[in-house]
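Please open the model in your viewer and keep the selection tool at hand. The tour below moves from one selection to the next and says what is found at each stop.

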Amino acid sequence: MWTLTVDQEGSRRVGDRVEALLAGLADASPLVDAAPGAVVLPFERTVGDEVQAVLADADLVVALALHLVRTGGWSVGIGAGVVDTPLPTSSRAGSGTAFIHAREAVEAAKSRLRAVPLAVRGPDPDLAAEAEGVLTLLGSVVARRTAAGWSVVDLVARGAGEPPARQEDVAAALGISQQAVSARLRAALWAEEVAARPAAARLLRLAGGSGHDGSADGAHDPVADDPEERA
């Protein structure tokens, strides 16, 4: 299971953006398209200008992390591990190694030495570092994507279970040629992002102690993650 702890950058300079972020997340495609059970505890303000959620789907963790990088102005900490049961109604009352690792991760993500304000921590430091490395590369792609690139990516990227939009339809919607659509997609590294996302999710699963590759993850059931609870 994974805890996402997200802290606002420069709140004294730009003001509190938490409510705007929460409203935006409610309509964000990663959460709208999330499978049942993928969100264990939804995003909420925890303290100050920080929000937190508990998730049980590594693919959703990747999608949300990249969404937050695109939004900008947030340090993203991903903690892999166990969430203690019984689950509280609020993540503010949550406990377990996933919360501890998320706290460590968000503090690391605040470092000014990071090109992408994102970090991963978990029970296996090496695997967590590998997951962080792939996510940082993906985050760099997202952060550097131009408005022209996003204009085609947002149309090509459909919701879960929907087929990709045809380039001719994207071209018609934007009033540009299909060649221009292809050029923008190449410059945006969209195909490369799509190809790398599963690797990031798989590493997050491994970092959390799940050795299989199914998106359901044993972490969908908090008890399944804790040997003491299963005993």
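Begin by selecting helix 4 (residues 58–71) together with helix 10 (residues 190–207), whose axes come within 8 Å and cross at roughly 120 degrees in this predicted model. Angles over 145 degrees would count as roughly antiparallel and 65 to 115 as roughly perpendicular, so helix 4 is oblique to helix 10. The crossing of helix 4 and helix 10 is right-handed.

Now show the side chains where the two helices meet. On helix 4 the contact is made by Ala58, Asp59, Val61, Val62, Ala63 and Leu66, while helix 10 contributes Glu193, Arg197, Ala200, Ala201, Leu204 and Arg205. If you colour this contact by residue class, you will find 8 nonpolar and 4 charged residues, with no polar ones.

Next, hide the helices and display the strands.

Strand 4 is the next selection. Strand 1 and strand 4 pair in the antiparallel sense over 7 bridges, and threonine 3 has glycine 79 of strand 4 as its bridge partner. With strand 5, by contrast, strand 4 pairs in the parallel sense over 4 bridges, and here isoleucine 78 stands opposite valine 120 of strand 5.

Is strand 4 buried or exposed? Of its 7 residues, 7 are buried, so strand 4 is largely enclosed by the rest of the structure. Trp74, Val76, Ile78 and Ala80 point one way from the strand, whereas Ser75, Gly77 and Gly79 point the other way, and all of them are buried.

Finally, zoom out to the whole protein, which has 12 helices and 5 strands. Buried residues make up 45% of its 231 residues, and, among contacts between residues at least 6 apart in sequence, 65% join residues at least 24 apart.

Technical notes: Residues numbered from 1 in each chain as written. Predicted model: local features only at pLDDT ≥ 70, side-chain atom pairs only at ≥ 80, totals over all residues. Heavy atoms only, no water. Axes fitted to C-alpha atoms, helices over the stretch in contact; angles between N-to-C directions. Parallel < 35°, antiparallel > 145°, perpendicular 65-115°, else oblique. Left-handed = near helix turned anticlockwise from the far one by under 90°. Contact = heavy atoms within 4.5 Å. Nonpolar A, V, L, I, M, F, W, Y, C, P; charged D, E, K, R; others polar. Buried < 20%, exposed > 50% of the residue type's maximum accessible area, 1.4 Å probe, protein only. Pairing = 2+ DSSP bridges.
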